[in-house]
Amino acid sequence: MTIELHTWNTPNGRKISVALEEMGLPYKVIPVNISKGEQMAPAFIRISPNGKIPAIVDPDGPGGQRVSVFESGAILLYLGEKTGQFLPKPLIERIPVLEWLMWQMGGFGPMPGQVHHFIALENERDRAYGLKRYMAETRRLYGVLDRRLSTCEFVAGELSVADFAILGWAWRHPRHKVELSDFPHVRRWYDALMARPATRRGMEARLD
């Protein structure tokens, strides 16, 4: 049964294509062109009420029922539960996965996303203020990640959905104006993930 991935070529979309490839789940991409406002189409709103990509439709959900899931973090947790992969069963092992997944959702995504916004502005005054504020916070978050990865191979110890979530945004480090050489443990982690064949397929999948 093939999962439908409704998405576009963004960090949040990449999280899910990487997870699907790593989990070995068959899927097909249904592009949602956010530059044309397709995320507000009634058919998409039915599966993603917030009008944001990505969303999935799983024809073989719990009990064999067709289900849709929106919000990238929820999708990752759903897929981890569905497959039993990259999401530990014991609560003590699951805690760091949840912590670092929520860290990405609450910080290492919204803050670099503001950099993406302000860097594209034409008004230099607006641009300068926003970039000073959000680039500083983005670099701080890279530092948090670097310290964490100085003590473990992956953010929660073993490879997990939290790594896929964070990778989606670390992939855009050139756009954040961040050199990974400034954060050697992040660089080691990033290179190790990108060397995984399934992760590479997820990062190279055509999402637009």
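I count two rings of Phe, Tyr or Trp (its six-membered ring) as a pair if their centres lie within 6.5 Å; planes under 30 degrees apart are stacked, over 60 edge-to-face and the rest tilted.

Entry: I am working on a predicted model, in which local features need pLDDT of at least 70, side-chain atom pairs count only at pLDDT 80 or more, and totals for chains, interfaces and linings use all residues. I number residues from 1 along each chain as its sequence is written, and side-chain values use heavy atoms, with hydrogens and water left out. My helices (H or I, at least four residues) and strands (E, at least two) are DSSP runs, numbered from the N terminus.

**Entry: aromatic pairs.** I found 6 aromatic pairs in the structure. For one of them, Phe86 and Phe164, the ring centres are 5.0 Å apart and the planes stand at 70°, so I file the pair as edge-to-face. Phe86 belongs to the loop between α3 and α4 (91-106) and Phe164 to helix α7 (residues 161-170), so this pair ties together parts 78 residues apart in sequence.

**Entry: the sheet.** I took two strands as paired if DSSP finds at least two bridges between them. In what order do the strands of the open sheet run? The order of the 4 strands is β2-β1-β3-β4, and the pairing is mixed. The edge strands β2 (27-31) and β4 (67-70) each pair on one side only. From one strand to the next, the twist averages 20°. Strand β1 (residues 3-7) runs parallel to β2 and is joined to it by 5 bridges. Thr7 stands opposite Pro31 in β2.

**Entry: helices on the sheet.** I fitted axes as lines to C-alpha atoms, for helices over the stretch in contact, with angles from 0 to 180 degrees between N-to-C directions. Helix α1 (residues 11-23) lies across β1, β2 and β3 (55-58), at about 160° to β1. Helix α3 (residues 72-83) lies across β1, β3 and β4, at about 135° to β4.

**Entry: α5 and α6.** The axes of α5 (residues 110-119) and α6 (residues 124-149) come within 8 Å and cross at roughly 155°. That makes the two helices roughly antiparallel (under 35 degrees is roughly parallel, over 145 roughly antiparallel, 65 to 115 roughly perpendicular and the rest oblique). I looked up contacts as heavy atoms within 4.5 Å. The contact includes Met111, Val115 and Phe118 of α5, and Leu131, Tyr134 and Leu141 of α6. By class, this contact of α5 with α6 has 9 nonpolar, 3 polar and 3 charged residues (Ala, Val, Leu, Ile, Met, Phe, Trp, Tyr, Cys and Pro are nonpolar, Asp, Glu, Lys and Arg charged, and the others, Gly among them, polar).

I then followed Ile119, which is found in helix α5. Leaving out residues up to four places away in sequence, Ile119 touches Arg127, Leu131, Arg175 and Lys177. Ile119 and Gly130 are 11 residues apart in sequence and 8.2 Å apart in space, C-alpha to C-alpha.

**Entry: α4 and α7.** These helices pack at an angle of about 20°, with axes 8 Å apart. α4 and α7 are therefore roughly parallel to each other. Among the contact residues are Trp100 and Trp103 of α4 and Trp169 of α7. The contact of α4 with α7 divides into 9 nonpolar, 1 polar and no charged residues.

**Entry: backbone.** Most residues other than glycine have a negative phi, and most peptide bonds are trans. I noted a cis peptide bond between Ile53 and Pro54, with omega about 0°. Pro54 lies in the loop between α2 (42-45) and β3. Glu71, in the loop between β4 and α3, has a positive phi near 75°.
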